[in-house]
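Colleague: I've got a model open and I'd like to learn how to read a few of its features. Could you walk me through it?

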Amino acid sequence: MKLLSNRCGAARGRIEGCNRAGFFNCGILLPCLQAWLCRITQDAGQAGAGVALPSHKRCSQPIPCCICSATYKERLVTLSKLSFRQLLLTAFLMIVALLSATSVQALLTLERLALHSRQTAHAAVQLTENAQRLAERTIAMERSARQFLVLNDPAFRTRYREAWSEAREALTALAPQLPQVPASEFDAWIAQSESAWKVLQADPLQRTQNQEILAHAFVRLPRINDLLAAESKLAVERRNNALLAELEEQRSLLKAQVIAAIVLAALFAFGFGLWLSRPLARIEAAINRLGENRFDQAIEVKGPADLRRIGGQLEWLRQRLADLEADKARFLRHISHELKTPLAALREGVALLEEEVAGVLSDNQREIAGILRQNTIALQAQIEDLLRYNAAAFDAQQLRCVPTGLRALLQQAIDFQRLQWQARDLLIDVSGPDQVASVDPDKLRTALSNLLSNAIRFNPQGGTIRLVLGALSDGITIDCIDEGPGIAPLDAARIFEPFYQGVRQPAGARSGNGIGLSIVHEYIAAHRGTVRLLPQATGAHFRITLPH
């Protein structure tokens, strides 16, 4: 615990160092993140090694995460204990804290610049006022001195002294504001004004003799005043230029901070959105697999606690549905086999009746025997379909895959049903380059035969069936396109379900059993491929996609 405390203390020290260095002035953003991360760590109660964040260019030291007591994996475990709403709220608060920190930093910067601007303006006004007051008081001093020399009235000398006192106050105020002006200039001004004052205090004879000193003093003083006024103007311009430079620098800094805040907020939002959307995508995919009766893949959802609980419930549902599906298949197998024996006896009895083994039949009795024979044949066909579908579902799980040319399989399926499509005067067109895939030839041939048989059954007399081989980035495609009535929109979602028959049936044809496309779906899914019904204006367009 002592070592952990020392590490956390060092981490906080580095963060405060970066805070002083100036990353968003770090006094707002980093404490918010630090408090949030420390709260998560305290709630989790975990301890471990420190994890350093990337270094900052202005403090040249890595910015360590204050939750130095947890490793990366432990922190993920800690976050996964939170619910979806808690994580969403956390992400929202982090983004708000980041943007708020940038906004507050901008406000503080603007306030500081406004204060600096007011101070600069006030200093410029004072500097200008002092320079003008010095020039005005110097003129008043010269006027009072000349009036005193002419009229010899002490009141004018008193006015000189008062103007001289005010001028010295202005000069004293200007001295610290103009450090670039040599001190000798201020001393010269004081010396010239004092020499003029001494002349005014002398007796009339000496004043007459020292008028040159007075004239020289009032020639020098305006020159010094002009120098101080020019330096005051330059000082104001320098301060204005410095203020403008600082404004430009702060504008660039604020622009960089705003861009960085927006980018970080976008990264936070994208990262959390991606992390939170993945469990939802897994849940959606799991539900889709359950809806498609695919129970072979376990459902595992990682992420927030509540979504993981939903994933666990979906896994329980998958196992339950898989058990029910197995029970259904087992029941169908048993009932089919159980029905075959009495059905065989029934067919034998009907045959004996028709052969009049038990006696001569009347016309009505012979008609009834014919009805019995037709229905027993139909019932036997249904039972055999049940057995065939169950056998297909079982065989789909036992593949013997070898590299096989798909064009040869298509040609074999076409040859097996040559009598059917020739009887309807159909044209079978095979196009596309030959493709080789690792498949079970027998099962894929059966799937292709069922798909072709479906197209032959629905295609009009003299029509064309197109079989197209192709290749995409994600696999090999086999398209079967016919010119029949197509699939009704209401039937499209259920066309691959066992024993389902669409509303659009060919006129005059015997009703099918509804398992042909189901067997296609089972065999293609066993190859980790897909079979889809693609939209088409006329006819049906089925596409089989197999992995490379």
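Colleague: Which residues form a nonpolar patch on the surface?

Modeller: First, the ground rules. This is a predicted model, where local features need pLDDT of at least 70, side-chain atom pairs count only at pLDDT 80 or more, and totals for chains, interfaces and linings use all residues. Residues are numbered from 1 along each chain as its sequence is written, and side-chain values use heavy atoms, with hydrogens and water left out.

Modeller: Now the patch. A patch takes residues with over 30% relative accessible area and no salt bridge, joining like charges within 9 Å and nonpolar side chains (Val, Leu, Ile, Met, Phe, Trp, Tyr) within 5 Å. A salt bridge here is a side-chain nitrogen of Lys or Arg within 4 Å of a carboxyl oxygen of Asp or Glu. In this model L89, F92, L93 and V96 make up such a patch, with about 370 Å² of accessible area together (Shrake-Rupley method, 1.4 Å probe; for residues, only the protein chains shown count as cover).

Colleague: Where is L89 found, in terms of helices?

Modeller: Helices (H or I, at least four residues) and strands (E, at least two) are DSSP runs, numbered from the N terminus. L89 belongs to helix α4, residues 84-151. The protein has 14 helices and 9 strands.

Colleague: And is Q192 buried or exposed?

Modeller: Buried means under 20% relative accessible area, exposed over 50%, and partly exposed in between (1.4 Å probe, protein chains only). Q192, in helix α6 (residues 183-201), is at 15% relative accessibility, so Q192 counts as buried. L89, by comparison, has 49% and is partly exposed. Across the 548 residues of the protein, 37% count as buried.

Colleague: Which residues is Q192 in contact with, leaving aside its neighbours within four places in sequence?

Modeller: Contact means heavy atoms within 4.5 Å. For Q192 that gives H216, A217, R220 and L221. Over the protein, 70% of the contacts with a separation of 6 or more come from residues 24 or more positions apart.

Colleague: What about backbone angles? Which phi does N152 have?

Modeller: Most residues other than glycine have a negative phi. N152 is not a glycine, yet its phi is positive, about 55 degrees. N152 sits in the loop between α4 and α5 (154-177) and is partly exposed at 42%. R528 also has a positive phi, about 60 degrees, without being a glycine. R528 lies in the loop between α14 (516-526) and β8 (530-534), and at 75% relative accessibility R528 counts as exposed.
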